[in-house]
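Work through the exercises below with the sequence and the model in view. Each task is followed by its solution in steps.

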Amino acid sequence: MSTIKRVTRVDPAPSRWSWRMQRLMLTPVFRLGVRVGLPFAVAFGGLTWWLSVPGNQTMITDKVAEIRSSIEERPEFMVNLMAIDGAEAELATAIREAVPLDFPLSSFDLELETIRARLLEMPPVQEASVRIRPGGVLQLNITPRTPAAIWRTPEGLWLVDGEGVQIATVQKRVARPDLPVIAGEGAPKHVQEALALIDAAKPLGDRLRGLVRLGDRRWDVVLDRSQRILLPVELPVQALERVIALEGAQEVLTRDISRIDLRLPGRPTVRMTDNATTEWWRIRALNLGNQ
């Protein structure tokens with residue numbers, strides 16, 4: 001009797017999990033995640049763990065500082081001196097005191113905008129530019145303020161520019177004979193008006209002694225021989241020009257007059273000196289006695 005062998009056929013179809021895996025591998029997103037995302041995640045995790053060790057952090061910090069220092073301290077990046085152009089010797093000395101730098105310095109350690117801001121805080125400096133010149137030179141170009149007048153205060157004399165900024169003190173009036181003198185509360189705020197009055201008073205020559213601001217409202221023109229011209233609040237330059245024209249026609253300022261009051265434009269008044277008043281009364285008494 002023959003023996004019949006039963007042959008078991010192997011099913012060529014994949015298992016369920018194998019089939020699912022093959023399907024996933026055919027998905028572009030999953031394939032990209034396996035090929036790129038998984039290695040990146042492993043590397044990132046390993047690097048994060050390595051950086052979490054304090055010793056490794058210190059080593060990296062020291063290495064970065066060493067590399068930075070080696071670059072910043074190279075000769076081509078070093079600044080060895082400071083040059084100041086546009087400032088006189090006194091102002092240049094003040095600038096060096098205001099910006100104390102210990103050369104040589106790396107250009108990476110210089111904050112140019114901070115230096116410029118510090119320069120602009122100095123009253124004598126109107127404008128400034130700061131740059132590093134080839135050859136390791138810190139170049140400061142200064143535009144100083146130009147004094148326009150001397151402001152006399154109870155505390156002393158101040159140089160002020162055309163904007164009314166107080167530049168510096170001056171010990172004596174004779175130190176700046178080229179500048180006019182102004183005085184009074186708020187005078188620097190109206191320095192442009194004062195300069196216009198001084199320009200209009202040029203025909204008076206050396207007789208002009210200065211201008212005084214009264215109540216921060218109006219000006220008095222001070223002349224020699226203790227004479228004053230009291231100007232109105234409105235249109236003071238035009239009022240002064242009328243007085244100068246009157247002086248040219250009738251020489252009113254050469255007479256014994258102590259002041260000319262123009263505060264009321266429609267009714268100007270003149271005050272004589274004490275000697276002139278006494279003489280006038282004496283002459284009048286003589287005339288009355290002869291009648």
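**Exercise 1.** Decide whether Asp220 is buried or exposed.

Solution. Asp220 has a relative accessible area of 4%. Buried means under 20%, exposed over 50%, and partly exposed in between, with a 1.4 Å probe and protein chains only. Asp220 is therefore buried.

The model is predicted: local features need pLDDT of at least 70, side-chain atom pairs count only at pLDDT 80 or more, and totals for chains, interfaces and linings use all residues. Residues are numbered from 1 along each chain as its sequence is written, and side-chain values use heavy atoms, with hydrogens and water left out.

**Exercise 2.** Describe the surroundings of Asp220.

Solution. Step two: list its contacts, meaning heavy atoms within 4.5 Å. Leaving out residues up to four places away in sequence, Asp220 touches Gly210, Leu211, Val212, Leu214, Arg228, Ile229, Leu230 and Leu231. Step three: look for a polar contact (N or O atoms within 3.5 Å; within protein, one able to donate a hydrogen and the other to accept it, and residues adjacent in sequence counting only if both atoms are side-chain atoms). The side chains of Asp220 and Arg228 are joined by one of 3.0 Å.

**Exercise 3.** Characterise the aromatic pair in the structure.

Solution. Rings of Phe, Tyr and Trp (its six-membered ring) pair if their centres lie within 6.5 Å; planes under 30 degrees apart count as stacked, over 60 as edge-to-face and the rest as tilted. The structure holds one such pair. Phe40 and Phe44 have centres 6.0 Å apart and planes at 20°, a stacked arrangement. Both residues lie in helix α2 (residues 28-51), four residues apart, about one turn of the helix. Phe40 and Phe44 are both exposed.

Methods: Helix = DSSP H or I, 4+ residues; strand = E, 2+ residues; numbered from the N terminus.
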